[in-house]
Amino acid sequence: MTTGQDVSLKDLAEQAGRDLEDASPLDILRWAADTFGKKFCVTSSMEDAVVAHLASRAFPGVDVVFLDTGYHFEETIGTRDAVEAVMDVNVITLTPRQSVAEQDAEHGPKLHDRNPDLCCALRKVKPLEEGLTAYDAWATGLRRDESPTRANTPVVGWDEKRQKVKISPIARWSQDDVDAYVAEHGVLTNPLLMDGYASVGCAPCTRRVAEGEDARAGRWAGRAKTECGLHG
């Protein structure tokens with residue numbers, strides 16, 4: 001990393017957030033690659049591979065971290081495998097400490113129905129925290145237009161909980177921008193996006209969305225829960 005001894009990661013993140021607000025996603029990712037090198041990774045839910053594709057252009061061979069919760073749709077696992085096969089990236093799959101069967105034995109079956117926050121904590125948040133220990137910075141696919149809770153997402157910010165630089169290179173993009181990039185570059189997307197799903201998470205907690213609904217309305221439908229805890 002080339003930040004210098006007198007600049008903290010937090011200060012670096014906040015300054016970069018200001019400096020790069022109007023930069024293109026590719027330039028933001030080039031900055032991340034130049035600044036952090038192998039201490040930088042991309043996280044992907046394999047809803048689509050847009051950020052992974054962008055990052056591969058800025059930093060060939062970049063680590064792409066995927067959380068295999070044990071509850072994913074087959075299509076999501078297939079997207080991960082395809083990304084690994086065709087892109088210049090290094091896919092790293094993280095898994096929870098317990099299998100689904102082990103979690104069921106300790107907490108009872110279908111924890112996701114009874115206590116989705118705990119299920120997400122065990123199968124997403126904790127594995128990611130452990131998986132990110134080797135990095136100083138990580139990139140996400142968060143966009144401001146996805147939901148009110150994401151409206152103020154900085155392109156580069158400070159992840160206080162994990163004490164890392166958090167980069168959201170397509171934060172300013174709209175869904176039309178994403179679709180245009182996918183079409184121009186032939187980027188892999190999860191087949192479920194063509195089957196009524198606007199946001200793809202774990203199978204038990206994801207449904208199709210109706211016309212006019214928020215893109216994330218199909219996640220934890222009928223509950224006040226809107227985020228898994230990875231981003232808040």
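Trainee: Where is Cys119 found?
Mentor: Cys119 is found in helix H7, residues 116-131. Helices here are DSSP runs of H or I with at least four residues, strands are runs of E with at least two, and both are numbered from the N terminus. A word on the source: this is a predicted model, where local features need pLDDT of at least 70 and side-chain atom pairs count only at pLDDT 80 or more, while totals for chains, interfaces and linings use all residues. Residues are numbered from 1 along each chain as its sequence is written, and side-chain values use heavy atoms, with hydrogens and water left out.

Trainee: Why is Cys119 called buried?
Mentor: Buried means under 20% relative accessible area, exposed means over 50%, and partly exposed is in between (1.4 Å probe, protein chains only). Cys119 has 7% relative accessibility, so Cys119 counts as buried. Leaving aside neighbours within four places in sequence, Cys119 is in contact (heavy atoms within 4.5 Å) with Tyr71, Gln103, Leu111, His112 and Lys124.

Trainee: Which residues does UniProt place under "binding site"?
Mentor: The unreviewed UniProt entry puts that feature at Cys119, Cys120, Cys202 and Cys205. Positions follow the numbering used here, feature names are shortened, and annotations may be inferred rather than shown by experiment.

Trainee: How do you know that they cluster in space?
Mentor: These residues are spread over 87 residues of sequence, yet the largest C-alpha distance is 10.8 Å. Cys119, Cys120, Cys202 and Cys205 are also part of the lining of the largest cavity. As for Cys205, this residue lies in the segment after H8 and counts as buried because its relative accessibility is 16%.

Trainee: What makes a space a cavity?
Mentor: On a 1 Å grid over the protein atoms alone, a cavity is a set of points where a 1.4 Å probe fits but cannot get out, and lining residues have an atom within 4 Å of a point. Grid points are joined across faces, edges and corners, and a volume is the space filled by probe spheres set on the points. A search of the whole structure finds one cavity of 30 Å³ or more, and about 120 Å³ of space lies in the largest cavity. Of the 15 residues that line it, the closest to its centre are Cys119, Cys120, Lys124, Cys202 and Cys205. H7 gives the largest share of the lining, five residues.

Trainee: Why is H3 called largely enclosed?
Mentor: Eight of the nine residues of H3 are buried, so H3 is largely enclosed by the rest of the structure. Among the elements that cover them are H2, E1, strand E2 (62-67), strand E3 (89-94) and helix H8 (175-185).

Trainee: And Ser56: buried or exposed?
Mentor: Ser56 lies in helix H3. Its relative accessible area is 12%, so Ser56 is buried. A polar atom of its side chain lies 2.7 Å from the backbone oxygen of His53. Leaving out residues up to four places away in sequence, Ser56 touches Val62, Asp88 and Val89.

Trainee: Why does Pro60 count as exposed?
Mentor: Pro60, in the loop between H3 and E2, has 51% relative accessibility and therefore counts as exposed. Pro60 and Asp88 are 28 residues apart in sequence, but 5.5 Å apart in space, C-alpha to C-alpha.

Trainee: What is the phi of Met46?
Mentor: Phi of Met46 is near 60°, a positive value in a residue other than glycine. Most residues other than glycine have a negative phi. Met46 lies in the loop between strand E1 (40-43) and helix H3 (50-58), and counts as buried because its relative accessibility is 1%. Gln163 also has a positive phi, about 55°, although it is not a glycine. At 43% relative accessibility, however, Gln163 counts as partly exposed.

Trainee: What makes a set of residues a nonpolar core?
Mentor: The set must be buried Ala, Val, Leu, Ile, Met, Phe, Trp, Tyr and Cys residues joined through side-chain atoms within 4.5 Å. The largest one has 44 residues, and those with the most contacts inside it are Trp31, Phe40, Val156 and Ile167. Helix H2 (residues 25-36) gives the most to this core, with seven residues. Apart from it lies another core, of eight residues, including Cys41, Val65, Leu128 and Leu132.

How values were computed
Polar contact = N/O pair within 3.5 Å; in protein donor to acceptor, adjacent residues only side chain to side chain. 1 Å grid on protein atoms, 1.4 Å probe; cavity = no way out; pocket = protein on both sides within 12 Å on 5 of 7 lines; lining within 4 Å.
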